Amino acid sequence: MNARWWLFALLGLNAAWVTDLFVLGHELSAPGGMLTALGRLTGLYGALALVLQLVLISRLPWLESRLGLDRLTLWHRWTGFWVLWLLVAHVVFIVLGYAGQDGSPVLAEMGTLVFHTQDVLLATIAFVLLVAVGVTSARAARRRLRYESWHLVHLLAYLAVVLGFLHQVTVGQDFTGAPLGRLYWWTLYGAALGLVAVSRIGLPLARNLRHRLRVESVVREADDVVSLVITGHALDALPARAGQFFLWRFLTPAHWWEAHPYSLSAMPDGRRLRITVKALGDGSGWLQHVRPGTRVFAEGPYGAFTAQRRTRRRVLLIAGGVGVTPVRALLEEFARQRDDIALIYRASTADSAVLADELRRLASRCSARMFLVLGPSTGVGRFGPVLGPRHLHAMVPDVRRRDVYLCGPPGMTDAVRRTLTELAVPAEQCHTERFAFAA
């Protein structure tokens, strides 16, 4: 059973156990009993979904290396919507249920619960914090927020988890009247928070104390592109692979608090790591001038975009834009293994084709076929749309018999995925990863 099904099975078992504990401990015949029971059940499911969110963003190496951080982040996002809707249902059903039980107006009952019931105010604060996190996570809001601002707001979710748990401890019937339920929820919350503490705090601190990373050199690749060579101690013990990425913090007085994901642009050799950075805004622009000797704090490695995922010896690598960096590292690894390699590099102009010379040298060394495809994103040639089915098949006729590694801008990635589907390339042979983080 793969990691995805292990995760689904664990969630299903916990949902069944929560339902069983609920059924054993609730009476539905009292006035308002059905509404109150639905409120408690949706609250329990909301708490379970919140715990799942913690697991999904814990960056547990075993889980992340098998599923990829992009998939875990997507699942985390959708789970967040379920958390909000379940908690909204919890509030509505509880208020209506208690109002029916007491014969009180709904608004008056809400005020009584919030201000005169033990620890319900804590739950209200937790709910407001989760709503704030959800609103700022919407795509429209994310586009207007700096990553650091969004990340700071997102950290409020941890406070919401703690406040919600305190509410559950003092009010929830699974705690106050059921020793078995109390043991279950303490174990569940403790395990999830423990995973976050170990994977998000303990492991990065331990690795950085051991490896003591710093910038060794800065190499100008183009007017707006530099490669940073990073060295440290015992890097052969760092479990990094070609195709993976780190969350990098360069410890300068003005920017130590900024963290950005960059892929390795060369296969790790046990002595050095290399990233290649294009100036795309304030966050990456200042890195064009970082000085050798600057200390570095790195979290990772992350990502499942590695040679471990392949199913056959023939490989097609497709890169576009900044997606060339993990593809360049993968080409180096596949070249050392003497695999049958084809490479397509998509760029708007020859000048924007960063690392193209390195790719040519590596391709020549391992007899890989390399195609540099230049032109606008809407370009059309004699084989139809660029990287469309006819065009891709003309370059790589045996594409169906290859593992395809694809990395580029979202628009290009989606278009090429559609092309691969039209060419009947099996889904298990198509490997992509979008480098994104959840708090």
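User: How many residues does the hairpin that joins β1 to β2 go through?
Analyst: Keep in mind that this is a predicted model. Strand β1 covers residues 214-222 and strand β2 covers residues 225-231, and the two run antiparallel with 7 bridges joining them. The hairpin takes β1 to β2 through 2 residues.

User: What is the strand order in the open sheet of 3 strands?
Analyst: Start with β3, residues 245-250, which is joined to β4 by 4 bridges, the two running antiparallel. Next, β4 (260-263) and β6 (296-302) each have a single partner strand, so they stand at the edges and one side of each has no neighbour in the sheet. From one strand to the next, the twist averages 30°. Put together, the order is β4-β3-β6.

User: Is α2 roughly parallel or antiparallel to α4?
Analyst: Helix α2 (residues 33-56) packs with helix α4 (residues 69-102) at an angle of about 160°, and their axes are 7 Å apart. Angles over 145 degrees count as roughly antiparallel. That makes α2, relative to α4, roughly antiparallel.

User: How many nonpolar residues does the contact of α2 with α4 have?
Analyst: This is the pair of helices whose crossing is left-handed. Sorted by class, their contact has 1 charged residue, 11 polar ones and, for the nonpolar class, 17.

Notes
Residues numbered from 1 in each chain as written. Predicted model: local features only at pLDDT ≥ 70, side-chain atom pairs only at ≥ 80, totals over all residues. Heavy atoms only, no water. Pairing = 2+ DSSP bridges. Axes fitted to C-alpha atoms, helices over the stretch in contact; angles between N-to-C directions. Parallel < 35°, antiparallel > 145°, perpendicular 65-115°, else oblique. Left-handed = near helix turned anticlockwise from the far one by under 90°. Nonpolar A, V, L, I, M, F, W, Y, C, P; charged D, E, K, R; others polar.
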